[in-house]
Amino acid sequence: MSDLQNQLHDDVHDQLSRRTFLGQTSAGLGTIALASLLNPTGLFDASAPADGPVIGKPHFPPKVKRVIYLFQSGAPSQLELFDYKPKLEAMWGQDLPESVRKGQRLTGMTAGQSRFPLAASRYKFAQYGPGQMWLSELLPHTQRIVGDLTFIRSMHTEAINHDPAITFFQTGSQQAGRPSFGSWVSYGLGSDNQNMPAFVVLLSKGRNGDQPLYAKLWSNGFLPSVHQGVVFRSGPDPVYYLNNPPGIDKTSRRRMLDYLGKLHQAQYKHVLDPEINSRMAQYEMAYRMQTSVPETMSLSKEPDYIFDMYGPESRKPGTFAANCLLARKLIEKDVKFVQLYHQGWDQHNNLPNDVKIQAKSVDQASAALVLDLKQRGLLDDTLVIWGGEFGRGCYSQGKLTHDDYGRDHHPRAFTVWMAGAGVKKGLVYGQTDEFGYNVVKDPVHVHDFQATVLHLMGIDHEKLTFKSQGRRYRLTDVHGKVVKPLLA
Amino acid sequence: MTLWLLLQTTPDASVDWALFIGRFHPLLVHLPIGFLLAAGLLEAGRRWGSLSVERTTVGWLLLWSALGATVSCVAGYLLSLGGGYDTDILTEHQWQGIGVAVFSWLAWAVQADWTGQRLARLYLPLLTIALVLLGAAGHHGGSLTHGSDYLTQYAPQPIRTLAGAPDRPKSVVKPITDINQALVYAQIVDPILQSRCTQCHNAEKAKGGLRLDTPEQLKKGGEDGPVLLAGNSLKSAMVGRCLLPESDDDHMPPKGKPQLTESQLALLTWWIDQGASFDKRVADLPQPDKIRPALVSLAGNSPVDQEQPTAGSATSSPELTRPVPPANPQAVAALTKIGLLVLPLAAGHNQLEVSAVNTPTFSDAQAALLPALKDQLVWLKLGNTPITDASLTQIAQLSNLQKLHLEHTRITDTGLKSLASLPKLEYLNLYATDITDAGLTTIATLPALTSVYLWQTRVTPAGIAALQRTRPDLLISSGTDSRTLADFSKPEPTTTK
C-alpha cells in the first residue's frame, strides 16, 4: 500500500470511529430488527423497538393474512370489461360533451385530436350472479365467481401516464424511490414463514411490445433491503443463482456462508452499515430457500384437473395462468404478499382485438385462483386484488369504426375488483357518470384503496411509518381513509 | 448587597432570583456536612487516637464548616420561599440548620488563638452540639425532599414500631389477577399516581398545595383550583398538564422526572371520562376499544408501556380482543423449539396464532405441548402434518380456539368428536381428510361454527345437504365437483345472454 492509500485508510477509519458513538444506537436497532425478521417468534422480547424497521405484528387483529395482487399493467379498459355504459352506444360517434370533460387534461397522445368521438364497447354486457352484476362477455369465467367479488367502479388516480401511475399504485407516490406496497407489508408484519420471502413477485405478459416493468416497482425504497420483492420465475430455476453451482454441495455451501458471515460481521463492526446485516439475512434466506422454493415452485404434483381449472396456459411456465397457480402455492406456504404483474393492456389502437386476447389470457386463471383458494379454505384469510394503474377513456383515440378504435389513458374513473377475506361479497361500490368519464358516487382514491387493504391486514395506515431523510413516510403519504362500506 | 436591592425592587423577578439561588441549597448543604464531620473525626483521632493533627488544622475545617453552614442557611431560606413544604418539618429543619451554623462558629471561635483559649473547655461541648444538630437537620432535610416515611417505608415492622411509624399498610397494592374485577382507582389509578405524582404531591410536600395521595385530596385540588373534573378529562388539570409539551413550565411531571407513559395517560383519561369513580371495578365501566390494550397489559403485570396499540379492529369477533393473560414464555419456547411458528395476533393483545407451515413432521406427541397455551391460542394451523385423532384430544382443550386447520392430516370421524368441546370454533378446515358423513354430526353440534371445508373428503352430497338443513347459516365448502369443473374449464362457456 502506498503512503497515500494508508493515509486515506486512516482518515476513513478515524471518521468511522467518531461516527461509532452516534451510529451505535440506530445500527443496534437495525440488528434487533434483523433478528426479529429472521425470527418473528421473538415476540416476547420486550426490547424490540416500537418504531424499528420491523413492527412484526399488526396494530389490531387482521382479517387478511395474505394478499395476491394481480396487477394488470398497462391499464385495462373498464368500458370493455366491467363498467357497462349503454349511453355510449346511443351516442356512438358523437363528440364527448364539453360539460363532461370540462377541460380536464388529456395525454399528449389525444390532446391534439380535433374530435372526441364516443366509442361504445364492441363487446356485449349482461347481468350475472346473485347481485345481477353487469359484466362483459370477454370475462366468461369471471362471470362464474361474481358472487365472491367486490367491484370498485369508482377508483381514481392522480397520474395520467403509466410509469407515474403504476409507481403511485405501488408506492403511494408518483416519483420513484418509495417502498412498494409489499415491502411496507413485509416491514410492518414480518414473515409468517422464515423459509420464504414475505414479498414475492411473478411476471408475465399477454402480448409483446407493451409498457415495460421496472424493478423499482417492487423495491424496498428506503426500507431495509430485506423487504424488497423477490422475483420468482417459473421453471426449474425459479430464483436466479439460488442453486449451488456444479461441484458445490450443501455442506460446502454452509461452510462458505458461515465464513462469509464472519467476514461480514467484521466488516459490520468496522463500518456499521445496517445493509451488511440485510445482506447477511438475504444470504441465509437464500440458503433456506434452496430447499423450500423448488418444492413450492414445482407444479409436477398438481393434478390435471387443477391445470384444467386454470386453463391450458397454466402448463406453460411464465404465463399469467401458471403464475396464478404458483401464487396459490406461495399462499399455501404463508407468503404474505404475492404480486403478479401482467403486461399488455395498453391499447391505444386496435383495442377490440387486443383487449379480447388480453382478457382471455387472464380471465380463466383469475377466476380459477379465487375458486381454488376458496375450496382450500384459503379465501377465508387471503385477499385477491385485480386491477391496473388507471382506466381508459370513453372517446376513441384515432379513427373510430364499428370494428376498430383505441382508447387513451383515463385516470378519473376505472374499476378494480377484490375477492376474499374481510370484503363484502357480490358488492358493486361506486358509480360513474353515463359516459364512464367521471365518478359520481363514492369515489375511491388510490390512497384510500391502500389504506383499506392495510386496514384489512390489521395495519393502521397512519401508524405504519418509516423515518428517512428527516421525516416519517407512509404508504399513503398524508392521505387515505379506510373505505368502510367495502368491509364485511 | 446588589442582590438584596434587586430582591427588594423587582418583586416579580425577586422570587425567581430567590428560587434560583435557593435551589443551590441541596448542593451547598453537603459542604458543611462533610467539613463538620471531618472536623469531629479528626478531633476524636487527635485526642483519643494517635493521630498527629495540628489543632489549627481542625480549626481551619471548623471555619469552613461555619462558612458553609451559613451560606446553606441563606440558600435554604430562599428555597423555602417557593413553598410547598410541610411547615412543621420545615421550621425544625430551619432552626436546626441555623443551629449548626451558630455552633460551628462558636466552636471555631473558642479554640481560635485570638480568643486566647480562655473558653477552651467549652470547645468539646460546642462541637458535639453542632454535630448532633447536623444529624437532626440532615434527617429533616431528607424528610422534606423524599417524604417523612422515606426511611421507614420498607423497614421491617420492629424497626417501624421503634421509629414510631404507623403500621405498614397490608400489601400496598393488590396485584391484578382478573382485570375485569380490578378496582379502577385502587388498583389502576392510584398506583399510577404513586409512581409518577405523589413524590411531590403528598402530605409533607404538597407542591402547589396539591396532594394526590388520597381520594379526598384528589377531589379537593390545589392552590390553583380543582385538578379533577369527573367526566371531562380535557378540563381536568391533572391530565391537561401532562398533555402540555414537556418544555412547557406547567407540564407535569416536571421535565427530567419520570414521565407518564401513553398507556398510563390513557388509563387516567379513561378513568376521569368514565366519571372518576373511586369504588367501581373495570367491568362496571364501558371499555372503548382504545383502552382495552392498556387494560390487558395490566393483567399479567407486564410493563404498561410496552405497547402503543391502535384503536379499531379489522375483525368483528370480540374473541380476538378479549383480555387474556400473556402466554407462558416457556410454553412458547417449547413450541418454537420444534419448529412451530408462534405469532402474535396483534399488538396489545395476548392472543396467538400457531402454525406448522414449516413443520411437516409435527406429531401427535408434540401436540401435547399445545394445551399450555389454551388461553391464548385462537388460530391453529396444523394442515399437511401426519397428526391423527390422538392430537385432537389435545386440541379439544384449546377452549378459545377460533380457527383450526386440519387439512391433509390423518384425522377421522372418531377424533372429530372430541372437538365438540370447542365453544368458539368458527372455522374448521378438513379438506383432504378421511372425514365421512358420520363426522358431519359432530360438525353440526359446534355452536360457533360459521365455515367448514370438506373438499376431497368422503362426505356425500346427501350428507352435506343434511348438514345444511340443520345449520342453514353454515358456509359448507365441498370444493368444485367434477361436473362444475368440466363446465368451468370449457374454453368458451356459453353464458352470454
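What share of the contacts in chain A with a separation of 6 or more do residues 24 or more positions apart account for?

Reply: The model is a predicted one, in which local features need pLDDT of at least 70 and side-chain atom pairs count only at pLDDT 80 or more, while totals for chains, interfaces and linings use all residues. Residues are numbered from 1 along each chain as its sequence is written, and chains are lettered from A and ligands numbered from 1 in the order in which they are written.

In chain A, 76% of the contacts with a separation of 6 or more are between residues 24 or more positions apart, a contact being a pair of C-beta atoms, placed from the backbone, within 7 Å. Of its 488 residues, 54% are buried, where buried stands for 20 or more other C-beta atoms within 10 Å of the residue's own, exposed for 12 or fewer, and partly exposed for anything in between, with C-beta atoms placed from the backbone.

Helix α6 of chain A, residues 181–189, is largely enclosed by the rest of the structure, because nine of its nine residues are buried. Among them are F181(A), W184(A), Y187(A) and L189(A), and the buried residues of this helix pack against α5 (162–171), β5 (199–205), β7 (337–343), α12 (446–456) and β16 (466–468) of chain A. The helix is followed by G190(A), with a positive phi near 70°. A positive phi, near 55°, also belongs to D477(A), which is not a glycine; D477(A) sits in the segment after β17 (471–473) of chain A and is partly exposed, since 15 other C-beta atoms lie within 10 Å.

Now to the part you asked about in chain B. The axes of helix α4 (residues 30–48) and helix α5 (residues 55–80) of chain B come within 8 Å and cross at roughly 155°, where axes are lines fitted to C-alpha atoms, for helices over the stretch in contact, and angles run from 0 to 180 degrees between N-to-C directions. That angle makes α4(B) roughly antiparallel to α5(B), given that under 35 degrees counts as roughly parallel, over 145 as roughly antiparallel, 65 to 115 as roughly perpendicular and the rest as oblique. The crossing of α4(B) and α5(B) is left-handed, that is, the near helix is turned anticlockwise from the far one by less than a right angle, clockwise being right-handed. The residues that meet include F35(B), L42(B) and R46(B) from α4(B), and V58(B), W64(B) and S72(B) from α5(B). The residues of this contact of α4(B) with α5(B) divide into twelve nonpolar, four polar and two charged, with Ala, Val, Leu, Ile, Met, Phe, Trp, Tyr, Cys and Pro taken as nonpolar, Asp, Glu, Lys and Arg as charged, and the others, Gly among them, as polar.

Helix α12 (residues 262–273) contains A266(B), which counts as buried because 20 C-beta neighbours lie inside 10 Å. Beyond its neighbours within four places in sequence, A266(B) is in contact with K290(B), I291(B) and A294(B).

Strand β1 of chain B (residues 341–344) is covered on both faces, with L341(B) and L343(B) buried on one side and V342(B) and P344(B) on the other. Four bridges join β1(B) to the antiparallel strand β2 (residues 352–355), where two strands pair if DSSP finds at least two bridges between them. V342(B) has V354(B) as its bridge partner in β2(B).

Conventions:
Helices (H or I, at least four residues) and strands (E, at least two) are DSSP runs, numbered from the N terminus. Two residues are in contact if their C-beta atoms, placed from the backbone, lie within 7 Å.
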